[in-house]
Amino acid sequence: MKRFLSWLGLLLKNYFVKSSDEDPSSFVCNLHSGVIKCNWKIRKGTKMLIDSNFNSALFLRVRDVSGDGTNASLTIETTTARSNAEISLPVDNGRVLLELGYRAEGGDFITLEYILYDLGVKKVEAPKYVDWFQRESSGIHQEMYELGRRSFAIGGSEDHMINFE
C-alpha cells in the first residue's frame with residue numbers, strides 16, 4: 001500500500017509541475033561599439049507576475065564589476081511587451097555585468113537573467129596632482145579670505161576702526 005501511495009504521489013506531483021522545456025526563457029546580447037543590443041524571452045508565468053504586481057516594468061541594467069572601487073552603472077526601463085533593447089556601456093574596459101530583471105516592492109532589483117562581459121584590462125589613470133596638499137602656499141589663509149570676500153564690501157576687523165569714546 002505504501003508503494004502505491006508513493007507512486008501515486010509522484011505521479012500527481014509530476015502532473016501538476018510543468019516542465020521548464022515547455023516555456024524556456026532566453027537572454028542573448030551582442031556587443032557593438034559602446035552599445036549592447038539585447039533580445040530576450042521570459043517565461044509566461046514570470047511575465048504574468050511582473051504584469052500584475054509591478055506594472056509590466058522590466059529593467060535592463062549594466063554595472064561595472066571590475067572590483068577596483070569604481071561604481072559605474074546604467075539602468076533603462078522597458079516593459080514586458082518588448083523583447084529587445086539597447087543599452088550604452090558606462091565604461092570602455094574592465095568587466096561589466098548585464099542584468100535583465102524587475103524591481104520588487106522595497107526597490108530591490110530581482111535578476112531574471114544575466115551575462116558577464118570582460119572588456120579587457122581596466123586602465124586606471126594616475127591623478128595629476130598626487131601631492132596637492134604639499135603644494136599649499138604659505139599665505140593660504142589670506143588667499144581664502146580674499147576669495148571669500150570677492151569684491152563684497154563686507155569689511156573686516158582691519159577695515160573698520162571703531163572708536164569708543
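The following legends describe close-up views of a predicted model.

Residues are numbered from 1 along each chain as its sequence is written, and side-chain values use heavy atoms, with hydrogens and water left out. Because the model is predicted, local features need pLDDT of at least 70 and side-chain atom pairs count only at pLDDT 80 or more, while totals for chains, interfaces and linings use all residues.

**View 1. The aromatic pair of phenylalanine 54 and tyrosine 102**. The ring centres of phenylalanine 54 and tyrosine 102 are 4.9 Å apart and the planes stand at 35°, so the pair is tilted. Phenylalanine 54 belongs to the loop between α2 (44-53) and β3 (57-64), and tyrosine 102 to strand β6 (residues 95-103), so the pair ties together parts 48 residues apart in sequence. Helices (H or I, at least four residues) and strands (E, at least two) are DSSP runs numbered from the N terminus. Both phenylalanine 54 and tyrosine 102 are buried (under 20% relative accessible area, with exposed over 50% and partly exposed in between; 1.4 Å probe, protein chains only).

**View 2. Arginine charges over phenylalanine rings**. Arginine 61 lies over the face of phenylalanine 109, at 3.9 Å from the ring centre. Arginine 103 places its charged end over the ring of phenylalanine 59, 5.3 Å from the centre. The criterion is NZ of Lys or CZ of Arg within 6 Å of the ring centre and within 35 degrees of the ring normal.

**View 3. The open sheet β1-β2-β5**. In this order, 3 strands form an open sheet with antiparallel pairing (two strands pair if DSSP finds at least two bridges between them). Strands β1 (26-32) and β5 (84-88) stand at the edges with a single partner strand each, so one side of each is left without a neighbour in the sheet. The twist averages 20° from one strand to the next (axes are lines fitted to C-alpha atoms, for helices over the stretch in contact; angles run from 0 to 180 degrees between N-to-C directions).

**View 4. Strand β2 and its partners**. β1 and β2 pair over 7 bridges, and 5 bridges join β2 (residues 35-41) to β5. Phenylalanine 27 has tryptophan 40 in β2 as its bridge partner, whereas cysteine 38 stands opposite alanine 85 in β5. The covered face of β2 holds Ile36, Cys38 and Trp40. Cysteine 38 counts as buried at 1% relative accessibility.

Definitions and conventions
Rings of Phe, Tyr and Trp (its six-membered ring) pair if their centres lie within 6.5 Å; planes under 30 degrees apart count as stacked, over 60 as edge-to-face and the rest as tilted.
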